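Colleague: Could you walk me through the charged side chains in this one? I would like to start with the surface and then move on to the pairs.

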Amino acid sequence: ADTPDAVGDVFRIAKANSVSAGDMRSHHETGKLPRADPCLRCGLSVFRVLEDALNQQKLLPKLGNRIAKALLEAAFGKACLTKGQQPTHTTWWPYEGVDRAAPFIVVQEVA
């Protein structure tokens, strides 16, 4: 209840030129990191600045070689800074029924 609304620009690593529903699945939905904090597993990792998304992509290239950007609004869910390898790592918890991929557009391809 204390978590702020998801408002502002965010960046996410993606695999293709069009962000798909597959790019927008949580660890909970994919079955990954079963021992991680259950609340964090239900959210999506995004970054508040492009440079942090690029740095994370270099650390984990298997996530994809594109960076997508979205302007989130309160209607998209909740988000807050959470511990991660990058300073602006943010967890976004989209509301049920939100088309998670819709606001994202690829802004950079990483070589």
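Colleague: Where does Lys15 sit?

Modeller: In this predicted model, Lys15 is placed in the loop that runs between strand S1, residues 8-14, and helix H1, residues 27-30.

Colleague: And is Lys15 buried or exposed?

Modeller: Lys15 counts as exposed, because its relative accessibility is 52% and the cut-off for that class is over 50%.

Colleague: Which residues form the positive surface patch?

Modeller: The patch is made up of Lys15, Arg25, Lys32 and Lys62.

Colleague: OK, now the salt bridges. How many are there?

Modeller: The count comes to 4 salt bridges, and one of them is formed by Lys78 with Asp5, where the closest N and O atoms are 3.0 Å apart. That pair links distant parts of the chain, since Lys78 belongs to strand S4, residues 77-81, while Asp5 lies in the segment before S1, 73 residues apart.

Colleague: How accessible are Lys78 and Asp5?

Modeller: Lys78 is partly exposed, with a relative accessible area of 24%, and Asp5 is also classed as partly exposed, at 36% relative accessibility.

Colleague: What about Asp2, how far is it from Lys78 in space?

Modeller: The C-alpha atoms of Asp2 and Lys78 are 9.5 Å apart, although the two residues are separated by 76 residues in sequence. Asp2 lies in the segment before S1, and this residue is exposed, with a relative accessible area of 77%.

Colleague: Which residue does Glu29 meet in a salt bridge?

Modeller: The partner of Glu29 is Arg100, with an N to O distance of 2.8 Å between the side chains. Here too the pair links distant parts of the chain, with Glu29 in helix H1 and Arg100 in the loop between strand S5, residues 89-94, and strand S6, residues 105-109, which puts them 71 residues apart. Glu29 is partly exposed at 36% relative accessibility, and Arg100 is partly exposed with a relative accessible area of 22%.

Colleague: And Arg66, what does it pair with?

Modeller: The side chain of Arg66 meets that of Glu109 in a salt bridge of 3.6 Å, N to O. Arg66 is in strand S3, residues 66-72, and Glu109 is in strand S6, so this pair links distant parts of the chain, 43 residues apart.

Colleague: Why does Arg66 count as buried?

Modeller: Arg66 has a relative accessible area of 13%, and buried means under 20%.

Colleague: Where does Leu33 lie, and how accessible is Leu33?

Modeller: Leu33 lies in the loop between H1 and helix H2, residues 38-41, and at 48% relative accessibility it counts as partly exposed.

Key:
Residues numbered from 1 in each chain as written. Predicted model: local features only at pLDDT ≥ 70, side-chain atom pairs only at ≥ 80, totals over all residues. Heavy atoms only, no water. Patch = residues over 30% accessible without salt bridge, like charges linked within 9 Å, V, L, I, M, F, W, Y side chains within 5 Å. Areas by Shrake-Rupley, 256 points an atom, 1.4 Å probe, with all protein chains shown as cover. Lys, Arg positive; Asp, Glu negative; His and termini not counted. Charge placed at Lys NZ, Arg CZ, Asp CG, Glu CD. Helix = DSSP H or I, 4+ residues; strand = E, 2+ residues; numbered from the N terminus. Buried < 20%, exposed > 50% of the residue type's maximum accessible area, 1.4 Å probe, protein only.
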